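Here's a quick briefing on how one chain is put together and how its partner sits against it. Have a look at the structure first, then read on.

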Amino acid sequence: MQNIFVKAIELIASHDPELISIVKITLRMCFSSSLVALLLGVPFGAFLALTRFPGRRAIIVLNRTLMSMPPVVCGLICYIMFSGVGSLRALELLYTVTGMVIAQVILITPIVAANTETFLSGIVPELRETTKGMGLGFGKTLGLTILESKYQIVSTYLVGFARSIAEVGAVSMVGGAIVYKTNVMTTAIMNYTSRGNFSKAMAIGIILMTLSLIVNIIVHLMSERVVDDR
Amino acid sequence: MKITNMKKTYGTKVALDIDELEFEDGKIYAIVGANGSGKSTLIRAMAGTIKTDDGRKADFGGKTHCYMPQKNHAFKMSTEKNVLLGAKGEDAKGKASALMKELKIDSLAKAKAHRLSGGETAKMALCRTMLSGAQVLLLDEPTAAMDVESTLLAEDIIRRYNKDNGATIILITHSLSQAKRLADEIIFMKDGKILEKGETGKILSNPEKAETKEFLEFFSSEI
């Protein structure tokens with residue numbers, strides 16, 4: 001075990017091109033999927049928190065159900081849609097980073113939307129009563145709501161990023177873990193382990209855990225700011 | 001300024017059921033009644049923050065209005081910036097400083113408003129409302145969280161706003177002595193309906209309805 005760990009550190013220090021490619025593809029995918037999920041999930045969550053319409057509760061329940069969708073199910077659906085028999089086959093998304101990003105967006109957006117909805121539902125009634133009472137318009141109310149939620153938005157983004165970087169089921173099915181093309185850290189760990197290349201798998205594991213640690217420290221600090229700001 | 005056929009129900013509970021209610025310009029009205037009598041529902045329906053059953057709104061006769069809710073939101077910015085939100089008229093900053101000084105929160109001008117105490121938040125919200133320049137003010141228990149001294153200072157400010165602007169002020173209070181000090185007229189509410197409305201002195205000394213009499217007798221030590 002100690003030997004594997006030493007070799008893993010040596011691999012990281014040697015700037016192995018395959019390792020660098022895996023990290024680059026992973027970061028590209030994670031930044032893209034978490035950003036798109038944020039851009040879709042925050043307005044959707046805000047819409048659910050700020051409006052009242054028939055079927056709203058059903059949508060909230062459905063969204064919460066989607067939060068717990070197993071990644072392999074998401075991967076399977078995307079695989080079918082992108083493959084030769086799927087309705088989106090013309091887009092040629094199978095075994096591409098874009099296809100992996102789409103699968104992850106489907107997984108992360110419900111989490112972002114639910115976080116946003118829960119947070120805003122807590123502050124909006126009092127906030128809206130105050131702004132409406134003061135005769136402030138929709139634009140100003142929206143601006144103030146965003147200002148009140150700024151740390152929550154950053155924190156939600158990082159939660160999405162953390163989910164994305166640790167996900168393996170959907171990306172392996174949609175991406176296929178093609179070396180130098182769609183192989184990301186989680187799929188690479190699986191492949192190297194099955195081939196018995198434990199030091200390389202461990203090297204990627206160390207990088208993954210370090211990135212995860214950094215993101216989680218930021219999430220923790222942001223959460224403290226959110227609590228502190230209340 | 002008047003309200004006609006304003007009704008609000010929550011499920012089967014009728015929270016508000018008013019046939020007609022008129023307000024004269026430039027007067028101060030105190031809405032009094034037990035918990036759940038419909039005071040806040042009335043003022044919120046007038047302010048338009050809740051929708052009445054048929055969507056009917058209060059007729060302010062073209063006058064501008066500002067509503068100060070019971071729970072005031074303190075935005076995550078300085079107390080001064082909170083006070084200046086929605087401020088209208090000239091020298092808003094100077095007026096804000098003067099009001100904050102009067103209510104003794106001037107030292108908190110640069111402090112984060114969401115960290116203020118309940119009483120301080122109420123003072124900040126009152127300053128904010130006073131800078132609205134509105135011709136009608138709807139105040140839901142504006143001094144409930146304030147101490148005695150601050151309450152009297154706040155009442156001075158409310159009275160002055162009424163005189164200087166010729167504004168109509170409708171406020172909810174649980175204090176009959178406050179109603180006596182401030183209001184030209186008192187509106188008694190029960191079960192979402194107007195029980196009695198009239199000139200303050202007359203209502204407090206000689207109410208028409210037995211239920212109003214009973215309510216006043218209960219609080220007689222306070223008046």
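**Chain A and its interface with chain B**

In chain A, 76% of the contacts (heavy atoms within 4.5 Å) between residues at least 6 apart in sequence join residues at least 24 apart. Keep in mind that this is a predicted model: local features need pLDDT of at least 70, side-chain atom pairs count only at pLDDT 80 or more, and totals for chains, interfaces and linings use all residues. Residues are numbered from 1 along each chain as its sequence is written, chains are lettered from A in the order in which they are written, and side-chain values use heavy atoms, with hydrogens and water left out.

**Chain A**
- The C-alpha trace of chain A spans about 65 × 45 × 25 Å along its principal axes.
- Of the 230 residues in chain A, 47% are buried, meaning under 20% relative accessible area with a 1.4 Å probe, protein chains only.

**Where chain B meets chain A**
- Contacts link 19 residues of chain B with 17 residues of chain A.
- B:H73, B:F75 and B:K76 lose the most area to chain A, together 37% of what the chain B side buries (accessible area lost on being put together, 1.4 Å probe, summed over both parts).
- The count between the two chains is one salt bridge (Lys or Arg side-chain nitrogen within 4 Å of an Asp or Glu carboxyl oxygen).
- A:E129 and B:R44 meet through their side chains in a salt bridge, at 2.8 Å from N to O.
- Strand 4 (residues 65-68) of chain B gives the most to the side touching chain A, with three residues.

Methods
Buried area = accessible area lost by both parts, 1.4 Å probe. Helix = DSSP H or I, 4+ residues; strand = E, 2+ residues; numbered from the N terminus. Buried < 20%, exposed > 50% of the residue type's maximum accessible area, 1.4 Å probe, protein only.
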